[in-house]
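Visitor: I am new to reading protein models. Can you walk me through this one?
Guide: Gladly. Take a look, then ask away.

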Amino acid sequence: MPSVQQILASQDQVKCAELLLVLLSEACSGKEIAGTVSEVVQGIFRGKWGVQIKHLAYDLCKTVPVSDADAQFIITGIKSDVISGNPEQAAR
């Protein structure tokens with residue numbers, strides 16, 4: 001599997017969705033993934049990802065603790081969704 005950075009840089013929606021689903025599964029099984037989650041949060045909320053990818057990213061962030069710095073990326077992402085007029089995403 002390509003690295004997290006490679007997947008995020010590729011802007012491939014399918015590969016990113018697969019990555020997020022794997023991370024959600026690992027988080028639910030109790031595996032420590034905080035470092036990877038930080039990398040994912042920063043990559044997704046800096047990039048131009050679709051609604052489905054952001055949904056998975058938000059779900060991941062609800063599943064594991066995030067740092068204060070990562071929380072700022074998430075807040076910025078939510079603000080961006082509200083400003084862009086994406087009410088479905090902003091409501092999540």
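This is a predicted model: local features need pLDDT of at least 70, side-chain atom pairs count only at pLDDT 80 or more; totals for chains, interfaces and linings use all residues.

Visitor: How many of the residues count as buried?
Guide: A residue is buried when its relative accessible area is under 20%. Of the 92 residues here, 36% count as buried.

Visitor: How many helices and strands are there?
Guide: The chain has six helices and zero strands. Read from the N terminus, the order is α-α-α-α-α-α. The radius of gyration is 12 Å, close to the 12 Å from the globule rule for 92 residues, so the chain is as compact as a globular protein of that length.

Visitor: What share of the contacts joins residues 24 or more positions apart?
Guide: Take the contacts with a separation of 6 or more. Residues 24 or more positions apart account for 65% of them.

Visitor: How many positive and negative side chains are there?
Guide: The chain has 8 positive and 10 negative ones. The centres of the two sets lie 5 Å apart.

Visitor: Which side chains meet in salt bridges?
Guide: Side chains of opposite charge can pair when their charged atoms come close. The count here is two salt bridges. Glu26 meets Lys31 at 3.7 Å, N to O. Lys62 meets Asp59 at 3.5 Å, N to O.

Visitor: Where do Lys62 and Asp59 sit?
Guide: Both are in helix 4, residues 51-63. They are three residues apart, so about one helical turn separates them. Lys62 is exposed, at 57% relative accessible area. Asp59 is partly exposed, at 25%.

Definitions and conventions
Residues are numbered from 1 along each chain as its sequence is written. Side-chain values use heavy atoms; hydrogens and water are left out. Helices (H or I, at least four residues) and strands (E, at least two) are DSSP runs, numbered from the N terminus. The radius of gyration is taken over C-alpha atoms; the globule rule is 2.2 Å times the number of residues to the power 0.38. Buried means under 20% relative accessible area, exposed over 50%, partly exposed in between (1.4 Å probe, protein chains only). Contact means heavy atoms within 4.5 Å. Lys and Arg count as positive and Asp and Glu as negative; His and the chain ends are not counted. The place of a charge is taken as NZ of Lys, CZ of Arg, CG of Asp or CD of Glu. A salt bridge is a side-chain nitrogen of Lys or Arg within 4 Å of a carboxyl oxygen of Asp or Glu.
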